[in-house]
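I opened this model to look up its sheets, helix packing and salt bridges. My entries follow in the order I made them.

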Amino acid sequence: MESVRCLSRAEQGLVDEVDWVDAARAEWEESTSALRKVVSAFRRRSSEDGVLVLRGFPIGVAGLPETPGAEGSVQRYATPAAVSLVLVACGLGDPGSFQAEKSGSLVQDVVPVRGREKFQGNLGSVKLTFHNENAFHACRPDYIELLCLRADHDRVAGLRTACIRAALPLLPSDIREVLFEAEFSTEAPPSFAVDMEKPVVHAILSGDRSDPDVQVDFAATSAMTARAEDALHVLDETLEEVSRTTMLLPGDMAIVDNRVAVHGRTAFRPRYDGMDRWLQRCYSFSDIRRSRDWRPGDGYVLAR
């Protein structure tokens, strides 16, 4: 992609700078029409399974450094992979991040960290339970982009996704009704450095009852009533029933519609030898105006 080469050549091109993101948005409009059409169509209604996989992104395989191994690792420079993520984020809406998560970087590393194997988050390597990204947050991202730079050694780490569109017809009517009630609470994930006085209370399903949004994190969402406990259990089982697993190889980008799909990961065994699985992540917001009072200077980082 010529857009990737152009933005990667920017002197000290920091992907978190507002001017650089503005340049990326302009470049997106000049990018390959076929790619723009696919991304635009997914933005309108995503898909029945809530995920889109694009392949063949330039990631500079020959020049890749060792897989980062530190907690909080991010990418602030305009590498080919970072450029690709921000370009597509502009096609989906606007890139954005949270100051309380990985220091507000727009492009974040998803890598295993020694000693955090059982962590329910991007640092771990045990099975990652289904969740909406930042399910507790009022301005959670609309789309999650995951770009593979390096697969795991054994090729067993898979992106797991499940869409409420597929699960809804399988849910009994009484369960659906409970899921539309504000009888659930969700805490911030451990990776989100924020103090909450109390968990956010919410319904798991909202919006159009024939095509609702879903808001849940099975590692952080609790039921507040007995019937809600039953409904949460049934939803978990049903999402597992309709789930799919996608194996990402270098240059593959998965886009998850965070409004209608949950995601997770199968377990894998890292070796901590500099060649472990390495994804990079970027968020996109279809209506960034909703968070205007949270973004100082109308930038791309939510301060709270």
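**Entry 1: the four-stranded sheet**

I find an open sheet of 4 strands in the order S4-S14-S6-S12, with antiparallel pairing. Strand S4 (128-131) and strand S12 (244-246) stand at the edges with a single partner strand each, so one side of each has no neighbour in the sheet. Neighbouring strands here are turned by 20° against each other on average, direction ignored.

I note the ground rules before going on. The model is predicted: local features need pLDDT of at least 70, side-chain atom pairs count only at pLDDT 80 or more, and totals for chains, interfaces and linings use all residues. Residues are numbered from 1 along each chain as its sequence is written, and side-chain values use heavy atoms, with hydrogens and water left out.

Terms, for my own use. Helices (H or I, at least four residues) and strands (E, at least two) are DSSP runs numbered from the N terminus. Two strands pair if DSSP finds at least two bridges between them.

I checked one pair in detail. Strand S6 (residues 159-163) and S12 run antiparallel and are joined by 3 bridges. Leucine 159 has threonine 246 as its bridge partner in S12.

Which helix lies across this sheet's strands S4, S6 and S14? I get helix H7 (residues 226-241), running at about 115° to S6. Angles run from 0 to 180 degrees between N-to-C directions, with axes fitted as lines to C-alpha atoms, for helices over the stretch in contact.

**Entry 2**

Strand S7 (residues 184-186) is joined to S11 by 3 bridges, antiparallel. Phenylalanine 184 is partnered by alanine 223 of S11. Contact means heavy atoms within 4.5 Å.

**Entry 3: strand S15**

Is S15 buried or exposed? I count 8 of the 8 residues of strand S15 (residues 278-285) as buried, so the strand is largely enclosed by the rest of the structure. Buried means under 20% relative accessible area, exposed over 50%, partly exposed in between (1.4 Å probe, protein chains only). Trp278, Gln280, Cys282 and Ser284 are buried on one side, and Leu279, Arg281, Tyr283 and Phe285 on the other.

I then listed pairings of S15. Strand S2 (residues 94-98) pairs with S15 in the antiparallel sense over 3 bridges, with glycine 96 partnered by tyrosine 283. S3 is also antiparallel to S15, over 3 bridges, and glutamine 108 has arginine 281 as its partner. Strand S5 (residues 143-150) pairs with S15 antiparallel over 7 bridges. Glutamate 145 stands opposite cysteine 282 in S15.

**Entry 4: helix packing on H4**

H3 packs on helix H4 (residues 80-92) at about 50°, with the axes 9 Å apart. That makes H3 oblique to H4. The contact involves Val39, Phe42 and Arg43 of H3 and Val88, Gly91 and Leu92 of H4.

Helix H2 (residues 18-29) and H4 have axes that come within 9 Å and cross at roughly 70°. That makes H2 roughly perpendicular to H4. My scale: angles under 35 degrees count as roughly parallel, over 145 as roughly antiparallel, 65 to 115 as roughly perpendicular and the rest as oblique. Residues of H2 in this contact include Trp20 and Trp28, and those of H4 include Val83 and Cys90.

**Entry 5: salt bridges**

How many salt bridges are there? I get 20, taking a side-chain nitrogen of Lys or Arg within 4 Å of a carboxyl oxygen of Asp or Glu.

Aspartate 49 and arginine 244 meet at 2.5 Å, N to O. Aspartate 49 lies in the loop between helix H3 (33-45) and strand S1 (51-54) and arginine 244 in strand S12, so the pair ties together parts 195 residues apart in sequence. Aspartate 49 is partly exposed at 27% relative accessibility, and arginine 244 is partly exposed at 31%.

Glutamate 240 bridges to lysine 127, with the closest N and O atoms 3.9 Å apart. Glutamate 240 is in helix H7 and lysine 127 in the loop between strand S3 (108-110) and S4, so this pair ties together parts 113 residues apart in sequence.

Last, I noted a network of salt bridges linking Arg45, Glu48, Arg165 and Asp211. Within it, the side chains of arginine 45 and glutamate 48 meet at 2.9 Å, N to O.
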